[in-house]
Amino acid sequence: MNDTPTQQAIVSALSAIVGETHVLTRTEETRPYCVEWRDLYFGVPAAVVRPASPDEVAAILRFANENGVPIVPQGGNTGLVGAQVPDESGREVVLTLERLKAIRDVDREGATLVAEAGVVLEEIQKAASEAGLFFPLSLGAQGSCRIGGNIATNAGGTGVLAYGNTRDLVLGLEVVMADGTIWNGLRRLRKDNTGYDLKQLFIGSEGTLGVITAASLRLFPAPKGRAVAFLAVEDPQTALTLFRRFSQTAGSALTGFELMPRLGIDFVLRHQEGTRDPLEAPYPWYCLVEISSGRSEAEASELMETTLEAAFEAEEVLDGAPAASLAQAAEFWHIRHTMSEVQKKEGGSIKHDVSVPIAKIPEFLKRASAAVTEAVPGARPLPFGHLGDGNIHYNVSQPVGADRDEFLARWDEVNKIVHGIVGELSGSISAEHGIGRLKRKLLVEVKSEIEIDLMRRIKAAFDPNAILNPGRML
Ligand code: FAD
């Protein structure tokens, strides 16, 4: 490897590949690529480079690999573990995929779609819908996150219950390796047992093994009908009973089951103008339930109605609002999707993205809230999320009137409390968002020695000069 080049040499090499206008160095231009969504990470890059094709990505990586220039791949910059923004060294180059934005192909008959890494998730959903099909990946950041980022993080979201994680939706990948070699693995096969399934290594690798430039994705028949209901319950234990009831009656037609506490609804009503409380009185906990039917609107509604009737009779539900229209269903989902965003307006928030076996969720919530509020009196736990997947975003907002920085200084202490309980319940400290920089130190505590060793060996094989997202994950 050559000596690390100066910033000027990096800029001129990158400009020769993508053209001067696509190499950004001025703070006002680079800032959007360097600040993380929650303002937790802010870095200073050597440059931000905006390639427009896999060949340009390959040329950039060849240069970086030969000269020891660290590369930070970036999609929509909505990641929540600080992996996609540069550090403060001024040495890292942010490689944004935002100009690789073609949907190369939609195959209606085969129900597949090939998109470049920079396509925004919502645009993929739209393209599938225009073809009469459905792409089920759905998350609060879908108007900004890009499919390459979704794949690199193995994003979860609200559709996991019925359709699985991003990993389950990817049929093939095109990836540029650290040395600039392009791997075209854009297959569209559901079955392919010809050796190691290499694409799986890149899915969830957080940009540490290669740069994804395109993906072939699975599409599904578009549901013909959807029924959505906003239900109030007494506590998480009852929410779990209700989840079991809906799983039994609806089976794979149950496409969403989210849990939210009252505090979350209060925050949304306070900070999202025009949002209405779906129910007249306040209740301690809420479930947002969605049933889809491949046959008709009527079938989805009927299934929702009969299950709800039985749930009311069994006194599992305190009150409920079945959505009367598509617009109202969208309003209900909007409440759920803005639950992360509104916490920012309430000051500091200490985050946890954890999963535990589903049956343990009530115990987890009870123990975690008791322990956290004992350690930080006045702290406001706001646990919400994908109850059906055992995945809770256990966020803790600062006490009212407390100093934001003083509260956030207790991040590690609060993490330790919550993750300790997660560990005792055989859960995971990162259900959806990954490791990045935020949880890098924790990884060695939750993985066995052999797991860490195998991960390091894979990293060394794919990226021997450690130019891809150094200091993230491993
Ligand atoms: P970025 O943030 O740009 O990057 C994320 C990681 O992927 C980084 O490590 C980056 O280096 C790497 N990367 C990006 N593109 C590539 C590429 N082409 N090749 C290789 N590596 C790449 N996540 C969930 O899983 N479920 C949720 O429900 C969810 N809800 C969210 C709600 C909100 C409001 C927000 C802000 C975030 C949420 N997230 C959620 C987190 C985030 O949206 C996801 O992690 C998303 O998949 C990241 O996509 P992105 O394009 O923004 O990637």
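Is Arg31 buried, exposed or partly exposed? At 45% relative accessibility, Arg31 counts as partly exposed. Buried means under 20% relative accessible area, exposed over 50%, and partly exposed in between, with a 1.4 Å probe and protein chains only. Arg31 sits in helix α2, residues 27–34. Helices here are DSSP runs of H or I with at least four residues, strands are runs of E with at least two, and both are numbered from the N terminus. Ser129 is 98 residues from Arg31 along the chain, and their C-alpha atoms are separated by 34 Å.

This is a predicted model, in which local features need pLDDT of at least 70 and side-chain atom pairs count only at pLDDT 80 or more, while totals for chains, interfaces and linings use all residues. Residues are numbered from 1 along each chain as its sequence is written, and side-chain values use heavy atoms, leaving out hydrogens and water.

Move on to helix α3, residues 54–67. Its 14 residues reach 20 Å from first C-alpha to last, close to the 20 Å expected at 1.5 Å a residue. The expected span is 1.5 Å times one less than the number of residues. Buried residues of α3 include Val57, Ile60, Leu61, Phe63 and Ala64. Gly68 follows α3, with a positive phi near 65°.

Strand β8 covers residues 170–176 and holds Leu171. Leu171 is buried, with a relative accessible area of 9%. Its C-alpha is separated by 6.2 Å from that of Arg187, 16 residues apart along the chain. Contact means heavy atoms within 4.5 Å. Leaving aside neighbours within four places in sequence, the contacts of Leu171 include Thr112, Arg187, Leu189, Lys199 and Leu217.

Now take helix α10, residues 297–313. At 1.5 Å a residue, its 17 residues should span 24 Å, and the end C-alpha atoms are 24 Å apart, which agrees. Ala300, Met304, Thr307, Leu308 and Ala311 of α10 are buried. Seen down the axis, the buried residues of α10 fall within an arc of 105°, so they line one face of the helix. That arc is taken over the directions from the helix axis to the C-beta atoms. An α-helix has 3.6 residues a turn, so residues three or four places apart point the same way. What covers the buried residues of α10 includes β12 (225–233), α8 (236–250), β14 (285–293) and β15 (319–322). On the other side of α10, Ala298, Glu302, Glu305, Glu309 and Glu313 are exposed.

Glu315 lies in the loop between α10 and β15. Glu315 has a positive phi of about 60°, although it is not a glycine. Most residues other than glycine have a negative phi. At 67% relative accessibility, Glu315 counts as exposed.

Next comes a helix pair. The axes of α13 (residues 361–375) and α15 (residues 411–424) come within 10 Å and cross at roughly 155°. Axes are lines fitted to C-alpha atoms, for helices over the stretch in contact, and angles run from 0 to 180 degrees between N-to-C directions. α13 and α15 are therefore roughly antiparallel to each other, a label for angles over 145 degrees. Among the residues making the contact are Phe364, Ala368 and Val372 of α13, and Val414, Ile417 and Ile421 of α15.

Finally, Met473 lies in the segment after α17 (449–462). Met473 is not a glycine, yet it has a positive phi of about 65°. At 10% relative accessibility, Met473 counts as buried.

Technical notes:
Parallel < 35°, antiparallel > 145°, perpendicular 65-115°, else oblique.
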